[in-house]
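Open the model in a viewer and keep the selection panel at hand. The stops below say what to select and what is found there.

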There are 2 protein chains.
Amino acid sequence: MERIKPRTLSGFMELLPKPQMQMERIMETLRKNYALYGFTPLDTPAIEDAQILLAKGGGETEKQIYRFQKGDSDLALRFDLTVPLAKYVALHYGELSFPFRRYQIAKVYRGERAQRGRFREFYQADIDIIGDGKLDILNEAEIPSIIYRTLSQLGLKRFQIRINNRKILNGFYAMLGLGAQAGEIMRTVDKLDKIGAENVRAILVDEAGVDAASADEILKFIAITGNNAAVLTALEGYRGRNAGFDQGLSELEAVTKNLSAFGVPEENFRVDLTIARGLDYYTGTVYETALLDHPEIGSVCSGGRYDNLAEYYTDKQLPGVGISIGLTRLFYVLGEQGYLNDALNTAPADVLILPMTDDLTPAITLATMLRNAGIRAQLYAEQKKFKAKMSYADKLGIPYCILLGEDEIAQGVVSCKNMATGEQITVAAADAIQTIQAGLDAANCGTVIHDHT
Amino acid sequence: MERIKPRTLSGFMELLPKPQMQMERIMETLRKNYALYGFTPLDTPAIEDAQILLAKGGGETEKQIYRFQKGDSDLALRFDLTVPLAKYVALHYGELSFPFRRYQIAKVYRGERAQRGRFREFYQADIDIIGDGKLDILNEAEIPSIIYRTLSQLGLKRFQIRINNRKILNGFYAMLGLGAQAGEIMRTVDKLDKIGAENVRAILVDEAGVDAASADEILKFIAITGNNAAVLTALEGYRGRNAGFDQGLSELEAVTKNLSAFGVPEENFRVDLTIARGLDYYTGTVYETALLDHPEIGSVCSGGRYDNLAEYYTDKQLPGVGISIGLTRLFYVLGEQGYLNDALNTAPADVLILPMTDDLTPAITLATMLRNAGIRAQLYAEQKKFKAKMSYADKLGIPYCILLGEDEIAQGVVSCKNMATGEQITVAAADAIQTIQAGLDAANCGTVIHDHT
């Protein structure tokens, strides 16, 4: 038979079992945390009508999208989870209750040029809260507090959620008479981290048509830094000159206050006037999340407030706030930077049962006991040398082996070996289960991410 | 702005929040059960190189596949999870330990003609055990026992896993001198349930070139029914005439014996000589699963033993055994037939917190307490009339509301309303949490599926 060389497409993450288990733990932590805040899981198709996905149209999206015909249908793979959400909410509006809170952890597709750390298929983990007509500002504090709780439970410590408000930015530029250019200016200022203040100033003056005095004002404004109280105090100095600015500042103050009430420590969130988010649809609060020890990675979790989620599909006004973790990229970065906790049990089973008799009934009964106790048990009945069986358990990192021979069966006991310590005990099955459960509990108390601080 | 009418493509399941929550519970039950048997979760790309996916080539698959170009690449969406597994195992052979047990619950794509109950995007939930060179027969009993446990935990009762062995069939046809036609005969016999014995006989004689006497022998053979012991006894009558038959019978006896040891009651598994599975790659044990009250649905979970998983990609001999639940179709059928338990809590939250004060700090603190206790809590801060807030909780089926006004805060209590009974208690937050947890535990003890027996 002629064989085809197996390969996985470049730009597509395909993990080996051990890292896959770490990824699963991360996703489970995300699901659990999102559910604790009243978000309902959604699952929309990966394929949509191309016309619908591209309703907004234009730009990079259209070039990157996977689009194809099947029969008469013009189809495309989703490139994010926000457009499908907009479609969903517009389509099922009458059957939903608002505010509508949903999470979705799913793959999206972008046919970008493949390069290291860039993926064409990747998970996004999104939470959004959609209001009908209105949406209370409290939600804008709750969203980053969920991210704080989730990242902390994963074991991450040195991260910072950075918060700003587009109304403050728009209001400030309006004060300078630069309201019309505000969008372009913000996109430039957004690059501050990457290109530095001097280059930002140059682009503003040379390309955005900002006069030198205003450019200085802008740089002075975005240079307002310090702890949150200091930044808010500095911003109070601008109050009274633009209604939008004043509203944005009040919102930012409310978000900051409530973030404290949610228990987010100040070291993990920071008002940052340079954050604008390049995309046009944010209208109020905006978020980015930095790994403090790896600023070069950029934001691992971003989002914000928008006034009109589904304007391409419905005349209903549906404001919302949401945030998205680029999960595949984050996982890749965590692995690259040595953040994944290798001490955590990633074996497919907790116990490998090695039957030593022809009749497998006692081994099967024991496996059922273990499974009923919530212990992951694998029966190993292959005809191999004893050493090969032990080596199998070792390679997979299975923490316990149970040997079951004629003697054990006759005496109503099992021989249970702790693979880490080498210690072997011969006890009743119920006692072995207790020992194993205690050992597993101790081993499983770590987090997926091991932040070196 | 011109609007595009939102729609979801036909043949693509997109659930509302309540059924989605039921689907999530089913998937969680599957994941938990598969993990208990030592299966590791895998996640392969939805897009693969078309040449690799179609290595086996030909037939219906090629017509149904979603295949498209991107740049120079000839791409396709996976149409099952077995071909990607074969690729994975061949590609990562050196980094895996065998037997390799994996589960994968993921979407696959087939561009079939859309019709009611047929899906173009659907979940398959697969478990497979892959050996390196050899694989013990015990695995062929364990696989259906996992399905028994999983379906039972979901609440299904009236189902039957039907088991046969291709070696018995091949051996039997060899006895009749029909070895060369065995494949065609089995595909015909496989239709017995659908077209009846007379039509099977007619096709065998008219199209498969079977003589009348042999056709009668075949019909007599597949008419062997009764309990498992009776069928096995009848089969023993054929022993000694064909080595393959004898081996298949011994395997079937071993599988039957071990299924009992695994605790699968005889009413839930049955030796059935009409089961052959049309696909060529099964070589030993084969499985189908029927819903006894809905035979018209066909098999909801099928699989079997194969001798060579990845022959298109590697010269390694990789025998395996696996089974697959057509999850989307099963879910659809369960819904259609009224099997989904509507009494189960499918609300996005367990508690809706209604703050009655301007300062939201006490409400936020309470929400954090609830979440830390594992209770899903939603803060509802929207400016709405009290009645509208209650109606929101009612519509979503949220079981408890907590009211928090100045009086409660001053007295250090909360007012907690059970939405089902209307009962309201005013107690300390810790006591409310206890009451809520007890209520939730009682409400959550049901199963997702409600089998009417």
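A crossing of two helices is called right-handed if the near helix is turned clockwise from the far one by less than a right angle, and left-handed if the turn is anticlockwise. The coordinates to which this applies here are those of a predicted model.

**Stop 1: chain A as a whole**

Select chain A and colour by secondary structure. Chain A has 17 helices and 16 strands. Along the principal axes, its C-alpha atoms fill a box of roughly 90 × 60 × 45 Å. Of the 453 residues in chain A, 47% are buried. Among contacts in chain A with a separation of 6 or more, 69% are between residues 24 or more positions apart.

Now colour residues 17-336 and 351-443 separately. These are domain 1 and domain 2 of chain A. The C-alpha centres of domain 1 and domain 2 of chain A are 49 Å apart.

**Stop 2: H1 and H5 of chain A**

Select residues 17-36 and 138-154 of chain A, which are helices H1 and H5. Their axes come within 10 Å and cross at roughly 145°. In which hand does H1(A) pass H5(A)? The crossing of H1(A) with H5(A) is right-handed.

Show side chains for the residues that meet. H1(A) supplies A:Ile26, A:Thr29, A:Leu30, A:Asn33 and A:Tyr34. On the H5(A) side are A:Ile146, A:Arg149, A:Thr150, A:Gln153 and A:Leu154. By class, the contact of H1(A) with H5(A) has five nonpolar, four polar and one charged residues.

**Stop 3: the cis peptide bonds**

Stay in chain A and go to the loop between helix H4 (82-91) and strand E5 (100-109), where A:Pro99 is found. The peptide bond from A:Phe98 to A:Pro99 is cis, with omega near 0°.

Then switch to chain B. B:Pro99 lies in the loop between H4 and strand E5 (100-109) of chain B. The bond that joins B:Phe98 to B:Pro99 is cis, with omega near 0°.

**Stop 4: B:Thr82**

Select B:Thr82, a residue of helix H4 (residues 82-91) of chain B. Is B:Thr82 buried or exposed? The cut-off for buried is 20 or more other C-beta atoms within 10 Å. B:Thr82 has 23 C-beta neighbours inside 10 Å and therefore counts as buried.

**Stop 5: two helix pairs that share H12 of chain B**

Select helix H12 (residues 243-261) of chain B together with helix H11 (residues 228-236) of chain B. The two pack at an angle of about 165°, and their axes are 11 Å apart. H11(B) and H12(B) are therefore roughly antiparallel to each other. H11(B) passes H12(B) in a left-handed crossing. The contact is made by B:Asn228, B:Leu232 and B:Leu235 of H11(B) with B:Leu249, B:Leu252, B:Glu253 and B:Thr256 of H12(B). By class, there are four nonpolar, two polar and one charged residues in the contact of H11(B) with H12(B).

H6(B) passes H12(B) in a left-handed crossing. Residues to show in H6(B) include B:Ile168, B:Phe172 and B:Met175, and those in H12(B) include B:Phe245, B:Leu249 and B:Leu252. The contact of H6(B) with H12(B) divides into seven nonpolar, five polar and two charged residues.

**Stop 6: where the chains meet**

Show both chains. The contact takes 77 residues from chain B and 76 residues from chain A. On the side of chain B that touches chain A, the largest share, six residues, comes from helix H1 (residues 17-36) of chain B. That side of chain B has 40 nonpolar, 16 polar and 21 charged residues.

End at B:Glu382, in the loop between strand E13 (377-379) and helix H15 (386-396) of chain B. Which residues does B:Glu382 touch, leaving aside those up to four places away in sequence? B:Glu382 touches A:Pro99, A:Lys134 and A:Asp136. B:Glu382 counts as partly exposed because it has 19 C-beta neighbours inside 10 Å. Within chain B, B:Glu382 and B:Pro355 are 27 residues apart in sequence and 9.5 Å apart in space, C-alpha to C-alpha.

Technical notes:
Residues numbered from 1 in each chain as written. Chains lettered and ligands numbered in written order. Predicted model: local features only at pLDDT ≥ 70, side-chain atom pairs only at ≥ 80, totals over all residues. Axes fitted to C-alpha atoms, helices over the stretch in contact; angles between N-to-C directions. Helix = DSSP H or I, 4+ residues; strand = E, 2+ residues; numbered from the N terminus. Parallel < 35°, antiparallel > 145°, perpendicular 65-115°, else oblique. Contact = placed C-beta atoms within 7 Å. Nonpolar A, V, L, I, M, F, W, Y, C, P; charged D, E, K, R; others polar. Buried ≥ 20, exposed ≤ 12 C-beta atoms within 10 Å, placed from the backbone. Domains from an automatic or database assignment.
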